[in-house]
Amino acid sequence: METFKISDLAKEFDVTTRSIRFYEDMGLIHPKRKGITRIYERRDKIRLKLILRGKRLGFSLAEIKELFELYDTNRGDVQLNKMLAIIDDKQAHLQRQLDDIEAVMQELDDAKARCHQALTEQQA
């Protein structure tokens, strides 16, 4: 069975060992121990990869943990429905942000046009 040291995973995923220990403290990964040394298995490596991907996509650690727990119970249908609900929430949040950005961009364009108009009037 392939195993990894914490330093191996930290280097591969470009994260700190402290982050990996934090994910362990949060119950997201479960390395075995040999004395004081943590021994990570392939499952831990995959979970770390999923944690980091989930964070990049805007998932909270609590959401990631919930999905892992659903997966561990072999309730694929529940997990997929939960994932769909989370995706819907993320999309709605991002759409609101996009709408806000578009509104601000329009306000900036309007302000810019007024500034150009004022400059033109002053020069005339």
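View 1. Strand E2 (residues 32–34) and E3 pair in the antiparallel sense over 3 bridges. Strands count as paired here if DSSP finds at least two bridges between them, and the elements themselves are DSSP runs, numbered from the N terminus: helices (H or I) of at least four residues and strands (E) of at least two. Please keep in mind that this is a predicted model, in which local features need pLDDT of at least 70 and side-chain atom pairs count only at pLDDT 80 or more, while totals for chains, interfaces and linings use all residues. Residues are numbered from 1 along each chain as its sequence is written, and side-chain values use heavy atoms, with hydrogens and water left out. Follow the chain through the hairpin and you pass 2 residues between E2 and E3; glycine 35, in the turn, has a positive phi of about 70°. Across the pair, lysine 34 stands opposite threonine 37 in E3.

**View 2. Three strands make an open sheet.** The strand order is E1-E3-E2, with antiparallel pairing. E1 and E2 stand at the edges with a single partner strand each, so one side of each has no neighbour in the sheet. Strand E1 (residues 3–4) pairs with strand E3 (residues 37–41) over 2 bridges in the antiparallel sense. Look here for phenylalanine 4, which stands opposite tyrosine 40 in E3.

**View 3. A salt bridge links lysine 32 and glutamate 41.** The two side chains meet at 3.1 Å, N to O. A salt bridge means a side-chain nitrogen of Lys or Arg within 4 Å of a carboxyl oxygen of Asp or Glu, and by this rule the count comes to 6 salt bridges. Is glutamate 41 buried or exposed? Glutamate 41 counts as buried, at 18% relative accessibility, whereas lysine 32 counts as partly exposed at 49%. For these words, buried is under 20% relative accessible area, exposed is over 50%, and partly exposed is in between (1.4 Å probe, protein chains only).

**View 4. Lysine 45 reaches glutamate 12 in another helix.** Their side chains form a salt bridge of 3.2 Å, N to O. Lysine 45 belongs to helix H3 (residues 42–56) and glutamate 12 to helix H1 (residues 6–13), so the contact ties together parts that are 33 residues apart in sequence. Glutamate 12 is partly exposed, with 47% relative accessibility.

**View 5. Glutamate 66 and lysine 82 connect H4 to H5.** This salt bridge spans 3.6 Å, N to O. Since glutamate 66 lies in helix H4 (residues 61–72) and lysine 82 in helix H5 (residues 76–123), the pair ties together parts that are 16 residues apart in sequence. Both partners are partly exposed: glutamate 66 has a relative accessible area of 33%, and lysine 82 has one of 28%. Elsewhere, salt bridges that share partners join Glu24, Arg33 and Arg38 into one network.

**View 6. Two charged side chains sit over phenylalanine rings.** The charged end of arginine 47 is placed over the ring of phenylalanine 68, 4.4 Å from its centre. Lysine 90 has its charged end over the ring of phenylalanine 59, 5.9 Å from its centre. The rule asks for NZ of Lys or CZ of Arg within 6 Å of the ring centre and within 35 degrees of the ring normal.

View 7. H3, H4 and H5 each supply at least two residues of the lining, and H3 gives the most, with 6 residues. Which residues lie nearest the centre of the pocket? They are Leu50, Leu67, Phe68, Gln79 and Met83, out of 15 lining residues.

**View 8. Isoleucine 51 is buried in helix H3.** Isoleucine 51 lies in H3 and counts as buried at 0% relative accessibility. Its C-alpha atom is separated by 43 Å from that of lysine 112, 61 residues away along the chain.

**View 9. Aspartate 14 has a positive phi in a loop.** You will find aspartate 14 between H1 and helix H2 (17–25). Its phi is near 55°, a positive value in a residue other than glycine. Aspartate 14 counts as exposed, at 70% relative accessibility.

Technical notes:
1 Å grid on protein atoms, 1.4 Å probe; cavity = no way out; pocket = protein on both sides within 12 Å on 5 of 7 lines; lining within 4 Å.
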